[in-house]
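My entries follow in the order in which I checked things.

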Amino acid sequence: MALRIATRLPRLAIVGVVLLLASATLAVGAAKRLTAVPNGAPAPVAVATLVVPDVSGQAFVFAKGTLEDTGFAWQVIGSVHGYAVNNVASQSPPAGTRVRDTGAPTLSVTLKRTPYPERGNPEDVSPYAGTSLQPVGVKTTSVTPVAPVPAAPKRARTKPQAKPATKEVEPKVAAPTERPPAFVVAGAPTEPLKEMALTQRAELLSAWIGTHPKTKANVRHYLYQHSWIVTGAAFGWWHGAEALRKLIAVDRVAQQRWGIGKKSQLVARKALADVEARTK
């Protein structure tokens, strides 16, 4: 028995050495696969970017909302201050510029006065701290013209009676979408029909406050919508007085849920008195 074990020991030792070498080779190969980088270059890191919106020519009350909604901070430079009724004369950087998303990249705007009186306190900086502006690409406002595609040959109509049916589909829906102003203010912008009416905006704001907690972002949204409705009504936009009445009710809800809105309600009541005086 002892003789058999003695004769097999060299074989067992050789097998053990082979297994040890094989495991070491596999470990080294795995390590190389984990640490190797193609071409010796580090793995690319995705960079989050934002595209600067076009706010030139807009009323400041709408321009600042557009910037905030798209993730930017802003500052007013120049001699004309940030009153809601002033218009944006220029912006820097220009629309279409792609910048790094550093948190809240700060854009600069210059304003120009309008015939409408400047009321309240001006806002020359965004309500939250801005971050650095870091352009990462070339402006994308220009579009490369595309050569016109030749029109495909018309097929012969097999159903001539279908032609009158196309005449029924005509752009006759413009009249119902018109919103006649309650009164006209010289120099005030016309109501943008692509935006919801002031009354609908006030109704949605009321429902929104009822389902959202008080946070900095939510308060900022509330104040922006509030300023939009008050300014639009002061411009004489459609059903402005009705929207202001709804907005005053919204302010009461804000006081009950968030503990704010008292000053906003005073602003809305003053605007309502002005609008009612103009429409008598």
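I take helices (H or I, at least four residues) and strands (E, at least two) as DSSP runs, numbered from the N terminus. The model is a predicted one, in which local features need pLDDT of at least 70 and side-chain atom pairs count only at pLDDT 80 or more, while totals for chains, interfaces and linings use all residues. Residues are numbered from 1 along each chain as its sequence is written, and side-chain values use heavy atoms, with hydrogens and water left out.

**Entry 1, overview.** I counted 7 helices and 5 strands in the protein, and along the sequence I read the pattern α-β-α-β-β-β-β-α-α-α-α-α. For burial I used relative accessible area (buried under 20%, exposed over 50%, partly exposed in between, with a 1.4 Å probe and protein chains only). By that cut-off 31% of the 280 residues are buried. Taking a contact as heavy atoms within 4.5 Å, I noted that among contacts with a separation of 6 or more, 76% join residues 24 or more positions apart.

H5 has 19 residues and reaches 27 Å from its first C-alpha to its last, close to the 27 Å expected at 1.5 Å a residue, where the expected span is 1.5 Å times one less than the number of residues. Gly-236 follows H5 and has a positive phi, near 90°.

I looked next at His-239, which lies in the loop between H5 and H6. Its phi is near 55°, a positive value in a residue other than glycine. Most residues other than glycine have a negative phi, and most peptide bonds are trans. His-239 is partly exposed, with a relative accessible area of 36%.

H6 spans residues 240-258 and covers 25 Å between its first and last C-alpha, close to the 27 Å expected. Which residues of H6 are buried? I listed Gly-240, Ala-241, Ala-243, Leu-244, Leu-247, Ile-248, Val-250, Asp-251, Ala-254 and Trp-258. They cover an arc of only 165° around the axis, which puts them on the same side of H6; the arc is that of the directions from the helix axis to the C-beta atoms. Their cover includes helices H4 (198-209), H5 (216-234) and H7 (262-279). After H6 comes Gly-259, with a positive phi near 75°.

I fitted axes as lines to C-alpha atoms, for helices over the stretch in contact, with angles from 0 to 180 degrees between N-to-C directions. The axes of H5 and H6 come within 9 Å and cross at roughly 160°. The two helices are therefore roughly antiparallel to each other, given that angles over 145 degrees count as roughly antiparallel, under 35 as roughly parallel, 65 to 115 as roughly perpendicular and the rest as oblique. Residues of H5 that take part in the meeting include Tyr-222, His-226 and Ile-229, and on the H6 side Leu-247, Asp-251 and Trp-258 are among them.

Leaving out residues up to four places away in sequence, Ser-264 touches Tyr-222, Leu-223, His-226 and Asp-251.

The peptide bond from Ser-92 to Pro-93 is cis, with omega near 0°. I placed Pro-93 in the loop between strand E3 (87-92) and strand E4 (98-100).
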